[in-house]
Number of protein chains: 2
Amino acid sequence: MHRTKVRVVEDALDANNTIARANRDDFDRHGVRVVNLMSAPGAGKTTLLEQVLPELQRVGVLEGDVQGSFDADRLSVLHIPVTQINTDPGFGGECHLDANMVRSAIPELPLADIDLLVVENVGNLVCPAEFRVGEDVRAMVCSVTEGEDKPLKYPLMFRTCELVVVNKVDLVPHLDFDLDRFLSGLQQVNPGVEHLLVSAKTGAGVDAFRAWLERVASREAAPA
Amino acid sequence: MHRTKVRVVEDALDANNTIARANRDDFDRHGVRVVNLMSAPGAGKTTLLEQVLPELQRVGVLEGDVQGSFDADRLSVLHIPVTQINTDPGFGGECHLDANMVRSAIPELPLADIDLLVVENVGNLVCPAEFRVGEDVRAMVCSVTEGEDKPLKYPLMFRTCELVVVNKVDLVPHLDFDLDRFLSGLQQVNPGVEHLLVSAKTGAGVDAFRAWLERVASREAAPA
């Protein structure tokens, strides 16, 4: 019984990984580097992208949401190509993007016109970390308002990323957020991982995130 | 093919609902009322419980987390019975509690000694809304730092609750949060739902949440 269950789970993961590799092959063939951008709901992924995308060249966005196109609409006014995936055909809505959902969107992506694709995942700190979608690198945004315990409470998410963007640092004076404890927890689950302190609202640190994306696009950042 | 797939999904939901009803029967037999408390990660569920639980009588907590017992440890110092469920035996960690996980914890719960059980779900705005665990009522906490678009982006979660607690209102002066747009979106997905404006940090509005829990315990609040 137990052995059968384990096999089923492995099959599900393998199917996703197989499709993720096919996606990555397609992206590679077009010379497109892909960032899987993850976070909890409301951590500020879209606001951060609004800040950095206008000054980036040849960049596109794939938006994952349960319903609607709120974030895609916010980004499309920046005159960059944005493609929306809604996960609600799943029962009640899927809480993450998987490789097959991204695969279904590939025909809509202008791969010949971009060097960098940012996949903005569904807001969730658990399942998105379990499903590769064909990305080269993974980045996550964590807001200081979420509390310093998050790396230890959601270790897979923090462990699986090449970059952790600590957002909304302008709010730190109004919070009890303990940055040292946050960074110590992060170090514990993902030793040596790069992190940036930013405020998408004030613009503090945003240049460093833009520079990181440029390094990914130019293939200077380490692939996953 | 398509029909078979639909059947599998219905079976999965039915199995959960069957177990949820069995849980509810057990809770009813002991005269225990159950609140399923949900939110995104870091919205402040535990801090809010720290504020309200010490003055409540005959209350227990069931803590759901992917890993660890950080929240359970915070609550257990309040000298109330706390039981921890970790969801990490699932592959990579389950992003929600389901009825069967709660069922497995029932033998550990002091049902004879409590009138109210608060189930603190895994931080996630998608899947927890899809799985009943045997609760009488559902409440969710949404932090103003998450942005006013959340009811329309995660409609099932907001639609499925009897109470929406808007937390961290002390931070509103430092944010661009538009409360009117939030409440208008909430009204759109769940017309007439009760909401409270609170700050678990300053204590503002916390009495109203405590009073709501007391009404649930005394069977004055409408069951789900």
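Ala112(A) is exposed, with a relative accessible area of 60%; here exposed means over 50%, buried means under 20%, and partly exposed lies in between, using a 1.4 Å probe and protein chains only. You will find Ala112(A) in the loop between helix H4 (99-105) and strand E4 (116-120) of chain A. Helices (H or I, at least four residues) and strands (E, at least two) are DSSP runs, numbered from the N terminus. Setting aside neighbours within four places in sequence, Ala112(A) is in contact with His30(A) and Arg58(A), where contact means heavy atoms within 4.5 Å. Gly147(A) is 35 residues from Ala112(A) along the chain, and their C-alpha atoms are separated by 41 Å.

A word on how to read this: the model is predicted, so local features need pLDDT of at least 70 and side-chain atom pairs count only at pLDDT 80 or more, while totals for chains, interfaces and linings use all residues. Residues are numbered from 1 along each chain as its sequence is written, chains are lettered from A and ligands numbered from 1 in the order in which they are written, and side-chain values use heavy atoms, leaving out hydrogens and water.

Now look at both chains together. A rotation of 180° with 0.0 Å of shift along its axis superposes chain B on chain A, with an RMSD of 0.0 Å. That is the relation of a two-fold axis. The superposition is by least squares on the C-alpha atoms of residues with pLDDT of at least 70 in both copies. Of the residues of chain B, Asn124(B) comes closest to the axis, its C-alpha being at 3.0 Å.

Side chains of opposite charge can pair when their charged atoms come close. A salt bridge is a side-chain nitrogen of Lys or Arg within 4 Å of a carboxyl oxygen of Asp or Glu, and the count between chain B and chain A is six. In one of them, Lys153(A) pairs with Asp71(B), the closest N and O atoms being 2.6 Å apart. This pair runs from helix H5 (residues 150-153) of chain A to helix H3 of chain B. Lys153(A) is buried at 8% relative accessibility, and Asp71(B) is buried at 2%. Lys153(A) also meets Asp65(B) in a salt bridge (3.5 Å, N to O).

Another pair between the chains is Asp176(A) with Lys201(B), at 3.9 Å from N to O. Here Asp176(A) is exposed at 63% relative accessible area, whereas Lys201(B) is partly exposed at 43%.

Finally, a salt bridge can also lie within one chain: the side chains of Asp136(B) and Arg24(B) meet at 3.2 Å, N to O. Asp136(B) sits in the loop between strand E4 (116-120) and strand E5 (137-143) of chain B and Arg24(B) in helix H1, so the pair ties together parts that are 112 residues apart in sequence.
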